[in-house]
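Please look over the following model with me, going through its confidence, its sheet and its pockets in turn.

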Amino acid sequence: MAVSFDLTGKTAIVTGANTGLGQAIAVALAGAGADVALVGRSSMADTEAAVAKAGGGRSLSIQADLSTLEPVERVISETVDWTGRADILVNNAGIIRRADAIDFTEADWDAVMDVNLKTVFFLSQAFARQLIGKGERGKIINIASLLSFQGGIRIPSYTASKSGLAGLTRLLACEWAGKGINVNAIAPGYFSTNNTEALRNDPDRNAAILGRIPAGHWGEPEELGGAAVFLAAPASDYVHGIVLPVDGGWLAR
Ligand code: NAP
């Protein structure tokens, strides 16, 4: 049996697809043949153009603010209305708030936990329900973080959410592997996106981070695409509950 990374005929949902890692993942999945629903609160124009340029699958934009559960059912139903199916869910949308733990506010705690963990769980639940209801296979890919393994500093709700997401990935894998749904996560290292702009703009932090990355450079979003395609494709059908670092070797240090 040939190993397959082909996503032709599959439909993927990517949250936070307008920019950064979500955009790169959407383009990579479309390049492998998937139709991709681009979910988020900002214009998807850049990603729509990049998907069209990449060839392969088509895209549909779905407007959704993921800080509440309001869009959860709608994201699934609008996707299924479009292509008749939803096979792959990439929970990528996420936020970070920086402040010393001693000063951290309830608002910054709740905002991060809502987007990074609560909505991820209920979107995954809605996605899994429609698959299990039809007896079909599917793939969930959660975008975790190095803070799923490490503590970090000045980002208490982010670390809690991403550590929680690693645990949630394992729990959902245990419950749904037997139902034909693979639940896995990718832990990106330090990538050049809006999320890390403050770090890259701080000369000391930038030098310290760069000095610890064996690959010697900040990740470019496109460098995450291969891992996403792998975890979305038949090639990973026996892979369940992993958190796959794509970090230029950071965790190996
Ligand atoms: P980014 O450029 O800031 O992208 C975050 C994405 O999440 C954006 O599309 C953003 O939309 C979306 N989002 C945030 N809040 C939302 C909401 N309430 N409703 C809908 N969409 C929302 O950062 P990124 O680096 O690509 O981050 C993508 C994921 O990777 C995040 O989960 C992040 O934690 C994770 N990650 C990033 C790194 C890194 O080095 N960059 C490392 C580890 C993990 P808007 O543009 O509209 O805000």
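The questions below concern this predicted model.

Q: In which element of the chain is confidence lowest?
A: This is a predicted model, and the mean pLDDT of the chain is 97, with 100% of its residues at 70 or more. Confidence is highest in strand β4 (residues 88-91), at 99, whereas the lowest mean, 93, belongs to helix α6 (residues 197-201).

Q: Which strands lie at the edges of the open sheet?
A: The sheet is built from 7 strands with parallel pairing, in the order β3-β2-β1-β4-β5-β6-β7. An edge strand pairs on one side only, and this applies to β3 (59-63) and β7 (243-246).

Q: What is the bridge partner of Ala12 in β4?
A: Strand β1 (residues 11-15) runs parallel to β4 and is joined to it by 3 bridges. For Ala12, the partner in β4 is Ile88.

Q: At about what angle does helix α1 run to β1?
A: Helix α1 (residues 20-31) lies across β1, β2 (35-40), β4, β5 (138-143) and β6 (181-188). Relative to β1, the direction of helix α1 is at about 170°.

Q: Which element gives the most to the lining of the largest pocket?
A: The largest pocket, with a volume of about 1000 Å³, is lined by 46 residues, and those nearest its centre are Asn92, Gly94, Ile95, Ile96 and Asn195. At least two lining residues come from each of α1, β2, α4 (106-134), α5 (156-176) and α7 (203-212). The element that gives the most, with 3 residues, is α1.

Q: How many charged residues are in the lining of the second largest pocket?
A: The second largest pocket holds about 160 Å³ of space, and among the 14 residues lining it, Lys10, Arg137, Gly138, Lys139 and Asp237 are closest to its centre. The lining divides into 5 nonpolar and 2 polar residues, while the charged residues number 7.

Methods:
Residues numbered from 1 in each chain as written. Predicted model: local features only at pLDDT ≥ 70, side-chain atom pairs only at ≥ 80, totals over all residues. Heavy atoms only, no water. pLDDT = per-residue confidence, 0-100. Helix = DSSP H or I, 4+ residues; strand = E, 2+ residues; numbered from the N terminus. Pairing = 2+ DSSP bridges. Contact = heavy atoms within 4.5 Å. Axes fitted to C-alpha atoms, helices over the stretch in contact; angles between N-to-C directions. 1 Å grid on protein atoms, 1.4 Å probe; cavity = no way out; pocket = protein on both sides within 12 Å on 5 of 7 lines; lining within 4 Å. Points joined across faces, edges and corners; volume = space filled by probe spheres on them. Nonpolar A, V, L, I, M, F, W, Y, C, P; charged D, E, K, R; others polar.
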